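Dear colleague,

I am handing over the structure below, and after it I set out what was found in it. Please read the notes alongside the coordinates.

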Amino acid sequence: MGVLFYLSSRQHLPQPPDPLLNTIIREGGHMVAFALLALFYRRGLRHENVLGTALICGAWLLTALYAASDEFHQGFTPGREPTVMDWCIDMTGATLALALQTLWQRKSGRAESAAQ
């Protein structure tokens, strides 16, 4: 979260000269960063004995709130602006990560409370 906060406070970030590659890296970076954040939240909540659907919803909600606060924070950075589209991209990454981990656990037969 500290790295995300730092990056969203930067006026200019390094970028490749190709606009398409820049978009892919920038949006892909958003998705990966918030996918990891959602998985970290899920792991943290699991240690608080939150299980099942509540675990997934809690991790998603905490990620959504942080993503919204990140967009709000960008509004105070010169040259940056908050956008709903960026929030949607962030949450796409979070949703995919949580869904893929849930599918993987079901397929492998691992219970939510097992293996820390």
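**Overall picture**

Of the 116 residues of the protein, 31% count as buried, where buried means under 20% relative accessible area, exposed means over 50% and partly exposed lies in between, with a 1.4 Å probe and protein chains only. This is a predicted model, in which local features need pLDDT of at least 70 and side-chain atom pairs count only at pLDDT 80 or more, while totals for chains, interfaces and linings use all residues. Residues are numbered from 1 along each chain as its sequence is written, and side-chain values use heavy atoms, with hydrogens and water left out.

The protein has four helices and zero strands, these being DSSP runs numbered from the N terminus (H or I of at least four residues for helices, E of at least two for strands). The C-alpha atoms fill a box of roughly 45 × 25 × 20 Å along the principal axes. Of the contacts (heavy atoms within 4.5 Å) with a separation of 6 or more, 70% come from residues 24 or more positions apart.

**Helix H4**

Helix H4 has 25 residues and reaches 36 Å from its first C-alpha to its last, close to the 36 Å expected at 1.5 Å a residue, the expected span being 1.5 Å times one less than the number of residues. Its buried residues, among them Ile 89, Met 91, Ala 94 and Leu 98, pack against helix H2 (19-46) and H3. Just after H4, Gly 109 takes a positive phi of about 80 degrees.

**Aromatic pairs**

A search of the whole structure finds three aromatic pairs, counted for rings of Phe, Tyr and Trp (its six-membered ring) with centres within 6.5 Å, and classed as stacked for planes under 30 degrees apart, edge-to-face for over 60 and tilted for the rest. The pair of Trp 60 and Trp 87 is edge-to-face because the ring centres lie 6.5 Å apart and the planes stand at 85 degrees. This pair links distant parts of the chain, with Trp 60 in helix H3 (residues 52-74) and Trp 87 in helix H4 (residues 84-108), 27 residues apart. Trp 60 counts as partly exposed at 31% relative accessibility, and Trp 87 counts as partly exposed at 26%.

Phe 72 and Phe 76 also form an edge-to-face pair, with 5.1 Å from centre to centre and 80 degrees between the planes. Here Phe 72 counts as exposed at 57% relative accessibility, and Phe 76 counts as exposed at 61%.
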